[in-house]
Amino acid sequence: MSLLTPVVDEDGAPFWEYAARGELRIQACAAPDCGELRFPPRPCCPHCGSFDSEWRLMSGRGRIWSYVIPHPPLLPEYAAQAPYNAVLVELLEAPRIRLVGNVVAAPDAPLNSVDPARLRIGAAVKAAFAEVDGVTVPRWLLERG
């Protein structure tokens, strides 16, 4: 058994393709009078109804909006890495956009590489990317050691 990986669908495929290149991009409405960012990706803008979209490059910077330290029982691959964190990060450029991930010491570090006591709501983080079972996923690094 391996770690859980995302299911890549047609709407979200560009997100994962950009992630594989080390870029954090978020889908945005391309209608001239709208331009709203949206996540998760979808074919139609929930604000104006347009089907036109583009993928905007983000800085990758954000803040921890929420987090949890999961407790047993866990899936076997995750139990072996406990205690680890699961975080919800709000992007600085788009506070309504929140991404799930893990705060780690380095992109390819184990999920338990950051002491849970170091996590705080509002802590500044920056996206990093790691390949997990063939899919490149965003992970998060604390901006201040």
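## Close-ups of a predicted chain

**Figure 1. The whole chain, before we zoom in.** The accessible surface of the protein chain is about 8,000 Å², and carbon and sulfur atoms own 53% of that. Keep in mind throughout that this is a predicted model. The protein chain carries two helices and eight strands, and reading along the sequence gives the pattern α-β-β-β-β-α-β-β-β-β. Its radius of gyration is 16 Å, close to the 15 Å from the globule rule for 145 residues, so the chain is as compact as a globular protein of that length. Along the principal axes, the C-alpha trace spans about 50 × 30 × 25 Å. Of the 145 residues, 41% are buried. Take the contacts between residues at least 6 apart in sequence: 56% of them join residues at least 24 apart.

**Figure 2. Helix 1 and what lies over it.** Helix 1 runs over residues 13–20, and its buried residues are Ala13, Phe15, Trp16, Tyr18 and Ala19. What covers them? The cover over the buried residues of helix 1 includes strand 1 (25–29), strand 3 (53–57), strand 7 (124–132) and strand 8 (135–142). Just past the end of helix 1 sits Gly22, with a positive phi of about 80°.

Figure 3. Nonpolar side chains in soluble globular proteins tend to be buried together. Here the largest nonpolar core has 36 residues, and the ones touching the most other members are Leu24, Ile64, Leu91, Val103 and Trp140. Helix 1, strand 1, strand 5 (86–91), strand 7 and strand 8 each put in at least two residues. Which residues does Leu24 contact, once its neighbours within four places in sequence are set aside? Leu24 is in contact with Phe15, Arg56, Leu57, Met58, Gly60, Leu91, Leu99, Ala127, Phe129 and Trp140.

Figure 4. Strands line up here in the order 2-1-3, with antiparallel pairing. Strand 2 (37–38) and strand 3 are the edges, each pairing on one side only. Strand 1 and strand 2 run antiparallel and are joined by two bridges. If you want a residue to look for, Gln27 has Arg38 of strand 2 as its bridge partner.

**Figure 5. The hairpin of strand 5 and strand 6.** Six residues separate the two strands of this hairpin. They run antiparallel, joined by four bridges, and Val87 stands opposite Gly101 in strand 6. In a regular strand, side chains alternate between the two faces of the sheet. Strand 6 (residues 98–101) has Leu99 and Gly101 on its covered face, while Arg98 and Val100 are on the uncovered one. Arg98 also makes a salt bridge with Glu90, the closest N and O atoms being 3.9 Å apart. Both partners are partly exposed: Arg98 has a relative accessible area of 33%, and Glu90 comes in at 21%.

Figure 6. The structure has five salt bridges. In one of them the side chains of Glu36 and Arg96 meet, at 2.4 Å from N to O. That pair links distant parts of the chain, 60 residues apart: Glu36 is in the loop between strand 1 and strand 2, and Arg96 is in the loop between strand 5 and strand 6. Buried or exposed? Arg96 is exposed, at 61% relative accessible area, whereas Glu36 counts as partly exposed at 27%. The other salt bridge in this view pairs Arg56 with Glu54, with closest N and O atoms 3.0 Å apart. Arg56 is partly exposed at 31% relative accessibility, and so is Glu54 at 34%.

Figure 7. Most peptide bonds are trans, and most residues other than glycine have a negative phi. The bond from Phe39 to Pro40 is cis, with omega near 5°; Pro40 lies in the loop between strand 2 and strand 3. Another cis bond runs from Ala82 to Pro83, with omega near 0°, and Pro83 is in the loop between helix 2 (76–79) and strand 5. Asp133, for its part, has a positive phi near 50° despite not being a glycine. Look for Asp133 in the loop between strand 7 and strand 8.

How values were computed: Residues are numbered from 1 along each chain as its sequence is written. This is a predicted model: local features need pLDDT of at least 70, side-chain atom pairs count only at pLDDT 80 or more; totals for chains, interfaces and linings use all residues. Side-chain values use heavy atoms; hydrogens and water are left out. Buried means under 20% relative accessible area, exposed over 50%, partly exposed in between (1.4 Å probe, protein chains only). Contact means heavy atoms within 4.5 Å. A nonpolar core is a set of buried Ala, Val, Leu, Ile, Met, Phe, Trp, Tyr and Cys residues joined through side-chain atoms within 4.5 Å. Two strands pair if DSSP finds at least two bridges between them. A salt bridge is a side-chain nitrogen of Lys or Arg within 4 Å of a carboxyl oxygen of Asp or Glu. The radius of gyration is taken over C-alpha atoms; the globule rule is 2.2 Å times the number of residues to the power 0.38. Accessible areas come from the Shrake-Rupley method with a 1.4 Å probe; for residues, only the protein chains shown count as cover.
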